There are 2 protein chains.
Amino acid sequence: MDKWKRSARLVDMTRQLLVQPYRLIPLTTFAERYHAAKSSISEDLDIIDEVLKAEGNGELETVAGAAGGVRYIPDIGRDQALHVIQGLCERLSNPERILPGGFLYLSDLLGDTTLVNEMGRIFASVFGGKKIDAVLTVETKGIPIAYATAAYLRAPVVIARYDYRVTEGSVVTVNTVSGSGKRMRQLSLSKRSLSERSRVLIVDDFMKAGGTVRGMFDLLNEFNAEVVGVGVMLEAPARERLVDAYASLVQVRELDVKERRVQVDLGNIFNRERWA
Amino acid sequence: MDKWKRSARLVDMTRQLLVQPYRLIPLTTFAERYHAAKSSISEDLDIIDEVLKAEGNGELETVAGAAGGVRYIPDIGRDQALHVIQGLCERLSNPERILPGGFLYLSDLLGDTTLVNEMGRIFASVFGGKKIDAVLTVETKGIPIAYATAAYLRAPVVIARYDYRVTEGSVVTVNTVSGSGKRMRQLSLSKRSLSERSRVLIVDDFMKAGGTVRGMFDLLNEFNAEVVGVGVMLEAPARERLVDAYASLVQVRELDVKERRVQVDLGNIFNRERWA
């Protein structure tokens, strides 16, 4: 465009900021792009910030100084989060999801890009205050939520695998034990996928006793990495937990295969200070 | 907000449209939300449409009538796409990616949410003109790109798996043959993950002879589904292809393990009419 009016600037700046969460954009970049004074750009940013805040969709953070600029910090308000998760609870309560062996069919939910995107936004909002270098998950079902979360945090996704693959190069491998202690599996993470002493957010689709999440802790320990949080979509009742602190979006209260009944509730993420 | 000025409306409408590609939003929804006349909303939409088009970021499509409204059709201009893929070529040409056996390390690229998001936008732009009911990929590495593509198309992601899992319910299974014809693997897809006669876009990270993609064709055949396109991130040289038509972002010309040299070029997606 040759001439950028305020209205056109607002549309374009909103787009640029929203599609690049956490990326610091210098004010001069905007000023040059729109042939506008920095003071005008600042006024535009104030408008965008006000609208985002009013609707619970996050805010703009301005960093002063020569290396400064503005960036979009995504968020989700309690009402919006509640709306998403209540919808999820409803869909999960459908008895047709019950599979032989007492499993729940989740693939349609994990393939629903709109839902997955919102779940990612919730995790990114809850954990976004902390410095996060990477989001770790395990193949296969956790990948979409981990990816959505990482996109909102502008962090890379790192995927641990149950089977060693030649395409991963050298790997670090640990043993994981299922909650019942009956089954052992090896979990591997490519050596070059994570730097030493990274700060890592763990995200997965499902947790019962937490053997898989425990395995991820053990893997991260080998990288001298620090776990800054654990987010799971669905937690199931367990006699004992191998993981202390985690945030769940949804919890299964009861799953009766014979009576074909599933009872699902809001997860503990709604007990957090920000949303309680 | 109590009072919505045009500037605030533009920011909020841009956000709503961008985060929900392909979703038809009735003009009355906007008119009620902002307490504004439909004529004002139409003027706002014209501004947004103009800015999106000018920068090659897609456009707004207005559907007339009682069930009408407006929706965002994402796109990416040739220059932007070229910029993304040239950057990808550069990163792929690093000889440190060469793994024993002549494989290339790709996990960091597939974990880079910004890059993956742009690759998804490219596939969505190229195939978005067609009606697409689902995006199909195979575990594990294709999932992020498939997810990003599907998010831009507002379509669900469906994941075929090499090993049958109890959490998938009943599945359909086919045999796949590697390009060399030496190795057979079973590929399964949950029966309830796809409706009969769906129109499906196949997306994967890597293709050599195309045995895996061929397996996805065979799977889809069992669902009486129709393949509307095939998109792969990386294609490698092969003596024979099991797949006729596909769009690749990048092609490996040469990989010399001994000399530690990788030569990578733009994929055939840039030969398409829209970008040639």
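Biologist: What makes the meeting of Arg33(A) and Glu55(B) a salt bridge?

Modeller: In this predicted model, the side chains of Arg33(A) and Glu55(B) come to 2.6 Å, N to O. The rule asks for a Lys or Arg side-chain nitrogen within 4 Å of an Asp or Glu carboxyl oxygen. The pair meets the rule, so it is called a salt bridge.

Biologist: How many salt bridges does the rule find across the interface of chain A and chain B?

Modeller: Two. Polar contacts there come to 22 residue pairs, both residues at pLDDT 80 or more. Others that give two or more residues include α3 (38–54), α6 (113–127) and β6 (157–160) of chain A. By class, that side of chain A has 27 nonpolar, 13 polar and 13 charged residues.

Biologist: What are the contact numbers and the buried area between chain A and chain B?

Modeller: Contact takes 53 residues of chain A and 53 residues of chain B. The buried area is about 4600 Å². Carbon and sulfur atoms give 62% of that area.

Biologist: How do you know that Glu226(B) and Arg199(B) form a salt bridge?

Modeller: Their side chains meet at 3.4 Å, N to O. The cut-off is 4 Å, so the pair counts. Glu226(B) lies in strand β10 (residues 226–235) of chain B and Arg199(B) in strand β9 (residues 199–207) of chain B, so the pair ties together parts that are 27 residues apart in sequence. Over all chains, the rule counts 43 salt bridges.

Biologist: Which domains divide chain A, and how many salt bridges lie between them?

Modeller: Domain 1 covers 6–73 and domain 2 covers 78–271. The centres of the two domains, taken over C-alpha atoms, are 33 Å apart. Each domain of chain A puts seven residues into the contact. The count of salt bridges between them is zero. Polar contact is there, with four residue pairs, both at pLDDT 80 or more. The side of domain 1 of chain A that touches domain 2 of chain A has two nonpolar, three polar and two charged residues.

Biologist: Which three residues supply 68% of the area that domain 1 of chain A buries against domain 2 of chain A?

Modeller: Pro21(A), Tyr22(A) and Asn57(A), more than any other three residues. The area buried between the two domains is about 570 Å², with 42% from carbon and sulfur atoms. Tyr22(A) also has a positive phi of about 70 degrees, although it is not a glycine. Tyr22(A) sits in the loop between α1 and α2 (27–34) of chain A.

Biologist: Why are β1 and β2 of chain A called paired strands?

Modeller: Pairing needs at least two bridges, and five join β1 (residues 59–63) to β2 (residues 69–73) of chain A, so the strands pair. They run antiparallel. Glu61(A) stands opposite Arg71(A) in β2(A). The hairpin has five residues between the strands, and Gly65(A) takes a positive phi near 100 degrees.

Biologist: What makes the peptide bond of Glu139(A) and Thr140(A) cis?

Modeller: Its omega is about 0 degrees. Thr140(A) lies in the loop between β5 (134–138) and α7 of chain A. In chain B, a cis peptide bond joins Glu139(B) and Thr140(B), with omega about 0 degrees. Thr140(B) is in the loop between β5 (134–138) and α7 (143–153) of chain B.

Note on methods
Residues numbered from 1 in each chain as written. Chains lettered and ligands numbered in written order. Heavy atoms only, no water. Domains from an automatic or database assignment. Contact = heavy atoms within 4.5 Å. Buried area = accessible area lost by both parts, 1.4 Å probe. Polar contact = N/O pair within 3.5 Å; in protein donor to acceptor, adjacent residues only side chain to side chain. Nonpolar A, V, L, I, M, F, W, Y, C, P; charged D, E, K, R; others polar. Helix = DSSP H or I, 4+ residues; strand = E, 2+ residues; numbered from the N terminus.
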